[in-house]
Amino acid sequence: MAFKPANNIQDLQYFGEFGGVNPSISDSSTYTFLSAKTMFDTFEGNADGCYLYSRHSTPSNLYLGEALAAMEGTETANVSASGMGAITPVLLQLCGASDHIISSRTIYGGTYAFLKNFMPRFNIKTSFVDITNLEKVESAITKNTKVLYCESVSNPLLEVADIKNLSKIAKKHNLKLVIDNTFSPLSISPAVLGADIVIHSLTKFINGSSDTVGGVVCGTQEFINNLRNVNDGASMLLGSTMDSLRAASILKNLRTLHIRMQQHSKNGLFLAKKFETDGLKTVYPGLKSHPSHELFKSMMNPQYGFGGMLTIDVGSLEKANALMELMQNKNLGYLAVSLGFYKTLFSAPGSSTSSEIPEEEQKEMGLSNGLIRFSIGLDTDIERTYKMMRKCMIEIGVLK
Ligand code: PLP
């Protein structure tokens, strides 16, 4: 039967403490115990349903985690203060000194920097590979490899991971397949396709209002318990905890995610088709010209489309900057990093969100200077937006 992530979110029912239609917010950092024995048991991890201290868990964080686990089809989830606050503890929980990670070479710049520059402090090394080349992935595995890491749709090049086949490789070699699904919530359900752990930066589409950072790790109860363990859990000990007020507000925004994703995708597909027809080098997984268009189609929950992210290459950084400034002046969007906002956001990743990646490596992976990454907004009249964007492109000399 087809997986229905939005139904799974909708089917959860919560009431607030006084019958409120939203769950009550737990505005406390610590919790009382009726007996000293229960407190002891909770520290031992044996008191189900008891709250201990808000860095460990809070009712509001658990509500949000439960909804995100329902969305991803995992047993449970743990929310965190940011996307990086989800990614870094997962990798530190799964790897110890001298372990090895295989990562896609096109990933978010912060994750790349963590793997490349920070993890070697613990003698944890990463091989960066072309994740679309399954033979290369498999041949990079060593006896120390513990994790296969990638994004379902990569930042910023929009490469698509073949999750089913990556999962087969991971299982064969006893690795954990960790997928960052930030670019394709609802559209792709990595755990259903075989991923062991699914991560999101909630900062982006899921929260959707660019007013907070947040993250989540979705996985088995056993793994999430490990992350939260008071003795050796990376999430508990590194302390990247989401605040309950934020968890409550993200949960409210999550309820409109299915409608927003449909609109982001509709607008993204419309613009990508127009830009491509105009002769711009356009990358969007919904275009037939995308090398993994068929793969995306084979994995997707079709009603949510191909997402709101697209890139165009306008030839040089100067032109990219001039175009973005002009589009901002015309109020077509904002020259800003991040994604998933109601307004279109654009940036040149080579000099911003992927600037942690050395220039040589950027070139090798096809990240050119003139690349503009768009997070397409919720515009109600996308044809009007297109016409105005086209005018800007003509003015800058990107189109004739
Ligand atoms: N993963 C992806 C794909 C991202 O694009 C980002 C941020 O841009 C992150 C993770 C990190 O998330 P956060 O900024 O919420 O820490």
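Helix H13 (residues 317-329) packs with H15 at an angle of about 140°, their axes being 10 Å apart. Here axes are lines fitted to C-alpha atoms, for helices over the stretch in contact, and angles run from 0 to 180 degrees between N-to-C directions. Helices (H or I, at least four residues) are DSSP runs numbered from the N terminus.

This is a predicted model, in which local features need pLDDT of at least 70, side-chain atom pairs count only at pLDDT 80 or more, and totals for chains, interfaces and linings use all residues. Residues are numbered from 1 along each chain as its sequence is written, and side-chain values use heavy atoms, with hydrogens and water left out.

**Exercise 1.** Describe how H13 and H15 are oriented and which residues meet.

*Solution.* Start with the class of the angle: under 35 degrees counts as roughly parallel, over 145 as roughly antiparallel, 65 to 115 as roughly perpendicular and the rest as oblique. H13 and H15 are therefore oblique to each other.

Next, list the contact (heavy atoms within 4.5 Å). From H13 come Lys319, Ala322, Leu323, Leu326 and Met327, which meet Met389, Cys392, Met393, Glu395 and Ile396 of H15. Sorted by class, these are eight nonpolar, no polar and two charged residues. For this sorting, Ala, Val, Leu, Ile, Met, Phe, Trp, Tyr, Cys and Pro count as nonpolar, Asp, Glu, Lys and Arg as charged, and the others, Gly among them, as polar.

**Exercise 2.** Work out the orientation of H4 and H8 and the classes of their contact residues.

*Solution.* Take the geometry first: helix H4 (residues 84-94) and helix H8 (residues 221-228) have axes 10 Å apart and an angle of about 100°. H4 and H8 are therefore roughly perpendicular to each other.

Then look at the side facing H8: Pro89, Val90, Gln93 and Leu94 of H4 touch Phe223, Asn226 and Leu227 of H8. The contact of H4 with H8 divides into five nonpolar, two polar and no charged residues.

Technical notes: Helix = DSSP H or I, 4+ residues; strand = E, 2+ residues; numbered from the N terminus.
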